[in-house]
Amino acid sequence: MKIESITLHVISMPLKKPFVTHLQTVKDREGIIVEVRDSDGMCGLGEGVAFSTPWYTEETVNTSFHMLKDVLIPLMNSKPFHHPEEIGKRFEAVRGNAMAKAALEMALWDLYARQQGEPLWNMIGGTRKEILAGAVVGSGTLKEMVAQTEDLVKDGYQRIKLKISPGKDVGIVRELRSHFPNLSLLADANSAYTLEDITKLQALDEFDLEMIEQPLGVDDLIEHSLLQKEINTPICLDESIVTPHDMKSAIHLNSCGVVNIKLGRVGGYTSALEIYRLCRENGIKVWCGGMIEFGVSRAHNLALSTLEGFSIPGDISSSSKYWEEDIITSPIVVRNGVANRLEGAGIGVELNRARLKEVTLYKETLSS
Ligand code: OSB
Ligand code: MG
C-alpha cells in the first residue's frame, strides 16, 4: 500500500448532555480523525478514541497525537507493506498506546477495503446484516436514570447498560428492574469495586442482569476469576483486555464469560480479530463496546459487529444520542435496537467536511 499523506484532525464537540461515570463527567468530546490518502486521492478513515484526560486508560488526545506523528506514522513509513495486518503486527514493536495504533490501523483497513471496492465488513468475514445495538445510561440520580431509560426504550432500544458504583447500584438496578421487568439490562462498574464488596455484587444477582462489566481493577484478571465463583451474574471484561495475551490469560483463569471488544482499547483490527478468535474457540461471548465516539469509529464498530460471534447487542447508539450533528454525511441510525450494516466500500461513510471544519481545533498533514 502506498500512502501519499496522512492528516490528523483534532476535533472537539460538545455532547448534547454530559455523560457521567463515577470516574469522570464528559461534557466535550475531543478526538482525532485520521485520514490516510493514497496516490489516487482515495482516503481511508480512522478515529483516535482516547479522551482529553487519562481517566479510562492511560492515553490522552495529546499522547495519541504525539505517538501518531512521531512514532507510528514514521514506523508505518519505514518499509513497504501490502496489507493493513502487517501494520497491526509492526506496531507490536511499540509498547502500549493501543488507541493511537488503532486510529491509524483502522484508517488503513478502511483504505484497503475502498481500494478493492469492497465493504470492510466483508473483508473481515462479517455476515450479519442487522447489527444488534444498545444504549448506555450514565450515572445520575435514580430519577434521572429512570427517565433516561424510559426515553431510550421509547426510542426503540431493547438493551440498556447502566453505569453503577458503590452506593449507586442495588437501589438503581432494583428500581429499573421493577419499571422494566423484561428489558435486557446490564451494569458497567468501570472498576469501582474491590473484593471487599462481594456482598454488594452478590446483591445484584437477583435482578437478572445480562452481565456485570468490569467490576474490579482495570488490569486485574485474578480477582475477577475469584469473584466469578461468588456471583451468578456473568462477568464481562472491558478495561482488563488490551491484548490477545490478556485474553489468553483470562481464558486460563476463567476470569469472565463475556468480553466487550473495542477496536481502540485493543489497538485495532489485527488484535481485535485475534481476541475474537480466541473468544470463539473458548466459548466466551463477545459484543462491541462504545467510547462515546464520532461516526467514523461507530462505522468501524458496525463493520466489526457484522462478525457472526457478535450476538449480544453492542454500545452502538444513533449519532443523535450524543451529537447535534455528527461528522459523517449519513449519521448512524439505530431503530428498534438494530442498525443496518453499511453497504458502501470500506466503512461505508464519508466525512461531512463542513461539520468537520466547524469542530476542528487543529490539524496537521504529514506526507509519506
Ligand atoms: O466503560 O464502556 C465503557 C464510554 C466511555 C468510556 C468507557 C466506556 C463508555 C461506555 C460506552 O460505557 C458509552 C457509549 O459509547 O455509548
Ligand atoms: Mg465499560
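Let's start at the ligand: Tyr56, Val136, Asp188, Asn190, Asp238, Gly289, Gly290, Met291, Ile292, Asp315 and Ser317 surround ligand 1, where a residue is near a molecule if its C-beta atom, placed from the backbone, lies within 6 Å of it. This shell has four nonpolar, four polar and three charged residues; here Ala, Val, Leu, Ile, Met, Phe, Trp, Tyr, Cys and Pro count as nonpolar, Asp, Glu, Lys and Arg as charged, and the others, Gly among them, as polar.

Please keep in mind that this is a predicted model, in which local features need pLDDT of at least 70 and side-chain atom pairs count only at pLDDT 80 or more, while totals for chains, interfaces and linings use all residues. Residues are numbered from 1 along each chain as its sequence is written, and chains are lettered from A and ligands numbered from 1 in the order in which they are written.

Now step back to the whole chain. It is divided into domain 1 (3–118 + 350–367) and domain 2 (122–340), with bounds that come from an automatic or database domain assignment. Their C-alpha centres lie 23 Å apart. The contact takes 37 residues from domain 1 and 33 residues from domain 2, two residues being in contact if their C-beta atoms, placed from the backbone, lie within 7 Å. On the side of domain 1 that touches domain 2, helix 3 gives the largest share, eight residues. (Helices, H or I with at least four residues, and strands, E with at least two, are DSSP runs numbered from the N terminus.) That side of domain 1 divides into 20 nonpolar, seven polar and ten charged residues.

Next, look at how some helices pack. The axes of helix 9 (residues 244–253) and helix 11 (residues 269–281) come within 9 Å and cross at roughly 15°; axes are lines fitted to C-alpha atoms, for helices over the stretch in contact, and angles run from 0 to 180 degrees between N-to-C directions. Helix 9 is therefore roughly parallel to helix 11, a label for angles under 35 degrees. In this pair, Pro244, Met247, Lys248 and Ile251 of helix 9 meet Ser271, Glu274, Ile275, Leu278 and Cys279 of helix 11. Six nonpolar, one polar and two charged residues make up this contact.

Helix 5 (residues 142–154) and helix 6 (residues 170–179) form another pair, with axes that come within 10 Å and cross at roughly 35°. Leu142, Met145, Val146 and Thr149 in helix 5 meet Gly171, Ile172, Glu175, Leu176 and His179 in helix 6.

How values were computed
Angles under 35 degrees count as roughly parallel, over 145 as roughly antiparallel, 65 to 115 as roughly perpendicular and the rest as oblique.
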